[in-house]
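Please examine the sequence and the three-dimensional model shown below. The report that follows describes the chain as a whole before turning to individual residues.

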Amino acid sequence: MSAEDRKVAVLIGAGMVAETHVAACAAAVEKVRLKGVLSKRKKSASSLAKDASVKTDEHIYVYDCIGDVATDDDVEFVIIATPPNVRADIIKPLAEAGKHILLEKPMGRTAEESRQIVQICKNAGVLLGVVFQHRTRIASRKAKEMIDEGKLGELAVVEINVPWWRDQDYYDEPGRGTYARDGGGVLISQAIHTIDLALSLSGAVSSVLAMISTSRFHCMESEDFAVVGIEFSNGAVGSLVASTASFPGKTESITLHFEQASLHLEAGQLHVSSRDGSVETFGEQASTGGGADPMAFTHEWHQEVLENFADAVSGKSTNFISGEQAMAAHEFIDATVRAAKSGSRQYL
């Protein structure tokens, strides 16, 4: 691809994950040109632009407002990495200006808010992609391939575990872990990645029973612990245990027990234990940010998400995680919270 064919992007948001997106843009330089950044925190935006200029070897512009991005004819898509409480106000003018949207998780604070964002982009005729980078791992893709082949038999049991740790300093940031800014705690801010990947492999959920709570380890408004019993539409049953109170934090895992084999995804690897006694391993071990450092993971997964989305914008592929696909995780989380608060089974 020539330099002229690269898709021009702007990064909105200068928070914790912004540097990962900059690194991903620099690595995806053959398909993406990062033109500029925007943040309500001007100093952070300037610092991010300076870092991005070094990493991409290009001048990175600092925009003053959303309107300037919307009216820039060079810009073809935007990467939005802001807190979820401001997403709709940012997305609407950009989508209406014809800018495609690549959105960090979660799409919104609730399933209803997320659905509204999907509809905004649909009405404007622009693509909406979601950064669920766990699906891009070699191990995840191999698991999906094996399931789609249909040789594993029926799925019976699903185990989803997110035993992470965050210290109190993490939740001391204004707004973090609140319903007003984040939409909740461990479910929507951390476990959503694992939930999305699990549901993309297991199929649809029919109902949930749940308990959510805040442990004595954290002072925060929303939950840092959740346990969920799950019934799937295909007849399988399962469980989710998610926490940011599990010191020192371990890697998340997904285990799917089929008639012919069990698939176990953990730390970037897929372990396949077949009923005939054979065991196979795919992928390479990698950190996923489950410990005290939430950014302890590679930018390469974000890079693949970015490149896939750039190809979709170019009309060369449809291989990206759409907002519609991402709704499954949001519906599951909303149902889980309803079930915990009502003390009764909730149906999706």
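**Overall form**

The structure is a predicted model. Its chain contains 10 helices and 15 strands. Along the principal axes, the C-alpha atoms occupy a box of roughly 55 × 45 × 40 Å. The radius of gyration is 20 Å, which agrees with the value near 20 Å for a compact globule of 348 residues. Of these 348 residues, 53% are buried. Among the contacts with a separation of 6 or more, 71% are between residues 24 or more positions apart.

The accessible surface of the chain is about 15,100 Å², and carbon and sulfur atoms account for 49% of that area.

**The nonpolar cores**

Which residues touch the most other members of the largest nonpolar core? They are Leu94, Leu240, Leu263 and Phe332, in a core of 74 residues. Helix 8 (residues 186-202) supplies the largest share of this core, with 10 residues. A second, separate core has 29 residues, including Val17, Ala24, Ala45 and Val131.

Leu240 illustrates how parts of the sequence come together. When residues up to four places away in sequence are not counted, Leu240 touches Ile160, Val162, Leu187, Ile195, Ala226, Val227, Val228, Ile230 and Phe332.

Ala198 is located in helix 8. Is Ala198 buried or exposed? Its relative accessibility is 1%, so Ala198 counts as buried, the cut-off being under 20%. Apart from neighbours within four places in sequence, Ala198 is in contact with Ile160 and Ile254. Ala198 and Ala329 are separated by 131 residues in sequence, while their C-alpha atoms are 9.2 Å apart in space.

Gly129 belongs to strand 6 (residues 128-131). Gly129 is likewise buried, with a relative accessible area of 0%. With neighbours within four places in sequence set aside, the contacts of Gly129 are Ile101, Leu102, Leu103, Phe309, Phe320 and Ile321. The C-alpha atoms of Gly129 and Lys35 are 19 Å apart, and the two residues are 94 residues apart in sequence.

**Backbone features in loops**

| Residue or bond | Feature | Angle |
|---|---|---|
| Lys105 to Pro106 | cis peptide bond | omega about -15 degrees |
| Phe247 to Pro248 | cis peptide bond | omega near 5 degrees |
| Ala267 | positive phi, not a glycine | phi near 55 degrees |

Pro106 lies in the loop between strand 5 (100-104) and helix 5 (111-124). Pro248 is found in the loop between strand 10 (237-243) and strand 11 (253-258).

Asp57 is in the loop between helix 2 (42-56) and strand 3 (61-62). Asp57 has a relative accessible area of 70% and is therefore exposed, as exposed means over 50%. Ala267 lies in the loop between strand 12 (261-266) and strand 13 (269-274). With a relative accessible area of 10%, Ala267 is buried.

Terms used
Residues are numbered from 1 along each chain as its sequence is written. This is a predicted model: local features need pLDDT of at least 70, side-chain atom pairs count only at pLDDT 80 or more; totals for chains, interfaces and linings use all residues. Side-chain values use heavy atoms; hydrogens and water are left out. Helices (H or I, at least four residues) and strands (E, at least two) are DSSP runs, numbered from the N terminus. The radius of gyration is taken over C-alpha atoms; the globule rule is 2.2 Å times the number of residues to the power 0.38. Buried means under 20% relative accessible area, exposed over 50%, partly exposed in between (1.4 Å probe, protein chains only). Contact means heavy atoms within 4.5 Å. Accessible areas come from the Shrake-Rupley method with a 1.4 Å probe; for residues, only the protein chains shown count as cover. A nonpolar core is a set of buried Ala, Val, Leu, Ile, Met, Phe, Trp, Tyr and Cys residues joined through side-chain atoms within 4.5 Å.
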